[in-house]
Amino acid sequence: MSPFYLARGASKLVRRITSETSVELKILSDKWRLLLAGLIFQYIHGLAAHGVHYLHRPGPTLQDLGFMILPELGKERGYISETLFTFVFLTFVLWTFHPFILQTKRFYTVLIWRRASQFLRIITFYATQLPGPNYHCREGSPLARLPPPQNAAEVFLINFPTGVIYGCGDLIFSSHMIFTLVFVITYQKYGSIRFCKMLAWCIAVAQSLLIICSRKHYSVDVVVAWYTVNLVVFFVDKKLTELPDRSVGSTSVLPVSARDKDTKLKEENTRLLNGNSMDSADRRPRTQMNGKQIENESHVDSETVKT
């Protein structure tokens with residue numbers, strides 16, 4: 001490939017990134033509060049998960065149908081589920097920023113981050129603390145219980161990263177499955193490749209099974225995550241504004257509100273009630289001959305009955 005074409009392609013890429021950055025900054029200036037609230041809530045979630053570790057009391061592993069059916073990977077192979085989750089997470093992050101490079105655009109990157117909320121998870125794992133099935137949460141492990149904090153900084157800094165990796169007590173429901181399902185559902189709705197959509201759902205199922213095989217969660221934690229996340233996404237889609245279409249030819253920058261959609265639907269219903277069901281683009285010239293209308297070389301009888 002000649003240097004001329006390389007320079008031309010690089011120039012187009014730079015212009016596209018510049019253009020997308022300008023659009024993203026406009027959206028960010030309007031929606032930065034939502035993004036900031038999401039980041040703050042993510043920290044609150046980590047703080048809550050760290051706090052419940054102080055309440056955790058190790059005990060015998062509860063009877064679990066998934067533990068009976070699925071083989072146990074063992075402590076030395078627990079990295080398998082984490083590796084798959086890391087792959088899903090990084091893939092989704094790269095995909096959300098793909099409008100900066102690719103032509104196909106179906107959403108605005110900044111708005112995608114407000115989809116996930118873990119408020120329900122905090123309520124559930126504080127409501128009931130179960131003895132953790134993970135190896136570092138079992139009886140005899142020095143990490144199963146946390147000593148009382150010596151100062152406030154120990155609590156608010158969440159003992160990062162040890163406190164995040166070796167947490168106990170935040171079981172119902174699985175945070176890994178929350179993120180995985182939000183990623184998959186988002187791509188299902190805004191993605192464009194059918195094979196990737198099918199593959200994403202298969203990966204979500206595999207992730208669920210690996211979490212149970214790794215004994216990081218009970219089966220109920222995974223099952224509850226599956227229907228809770230789907231119900232939350234359904235509620236968000238019904239109650240909040242829709243992410244705008246970024247397909248080629250779309251000129252809308254901000255989301256279309258539900259009120260605008262309702263107004264348009266009412267106008268269409270009004271036209272139908274008034275007997276004017278034709279679209280403006282469907283108005284074609286018609287020729288009337290002997291009481292008959294001719295349209296596209298086909299005759300439509302409109303005989304008038306004379307009394």
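Biologist: Which residues form the aromatic cluster?

Modeller: Keep in mind that this is a predicted model. Phe 85, Phe 89, Phe 92, Trp 95, Phe 179, Phe 183 and Tyr 187 make up one aromatic cluster. Searching the whole structure turns up 10 aromatic pairs, and a pair needs ring centres within 6.5 Å.

Biologist: Okay, on to Gln 207. Why is Gln 207 called buried?

Modeller: The cut-off for buried is under 20% relative accessible area. Gln 207 comes out at 0%, so it is buried. You'll find Gln 207 in helix H8, residues 194-213. Setting aside neighbours within four places in sequence, Gln 207 touches Ser 81, Leu 84, Phe 85, Met 177 and Thr 180.

Biologist: And what makes Leu 209 partly exposed?

Modeller: Leu 209 is in helix H8 too. Buried is under 20% and exposed is over 50%. Leu 209 has 41%, so it counts as partly exposed. From Leu 209 to Pro 71 is 9.8 Å, C-alpha to C-alpha, though they sit 138 residues apart in sequence.

Biologist: Now the empty space. How do you find that?

Modeller: You roll a probe the size of a water molecule over the atoms, and that shows where empty space is left. The largest pocket holds about 1200 Å³.

Biologist: Which residues lie nearest the centre of the largest pocket?

Modeller: Glu 82, Val 164, Ile 165, Tyr 166 and His 176, out of 42 lining residues. By class, the lining has 19 nonpolar, 18 polar and 5 charged residues. Helices H1, H3, H6 and H7 each give at least two residues to that lining.

Methods
Residues are numbered from 1 along each chain as its sequence is written. This is a predicted model: local features need pLDDT of at least 70, side-chain atom pairs count only at pLDDT 80 or more; totals for chains, interfaces and linings use all residues. Side-chain values use heavy atoms; hydrogens and water are left out. Rings of Phe, Tyr and Trp (its six-membered ring) pair if their centres lie within 6.5 Å; planes under 30 degrees apart count as stacked, over 60 as edge-to-face and the rest as tilted. On a 1 Å grid over the protein atoms alone, a cavity is a set of points where a 1.4 Å probe fits but cannot get out, and a pocket is an open set with protein on both sides within 12 Å along at least five of seven lines; lining residues have an atom within 4 Å of a point. Grid points are joined across faces, edges and corners, and a volume is the space filled by probe spheres set on the points. Helices (H or I, at least four residues) and strands (E, at least two) are DSSP runs, numbered from the N terminus. Ala, Val, Leu, Ile, Met, Phe, Trp, Tyr, Cys and Pro count as nonpolar, Asp, Glu, Lys and Arg as charged, and the others, Gly among them, as polar. Buried means under 20% relative accessible area, exposed over 50%, partly exposed in between (1.4 Å probe, protein chains only). Contact means heavy atoms within 4.5 Å.
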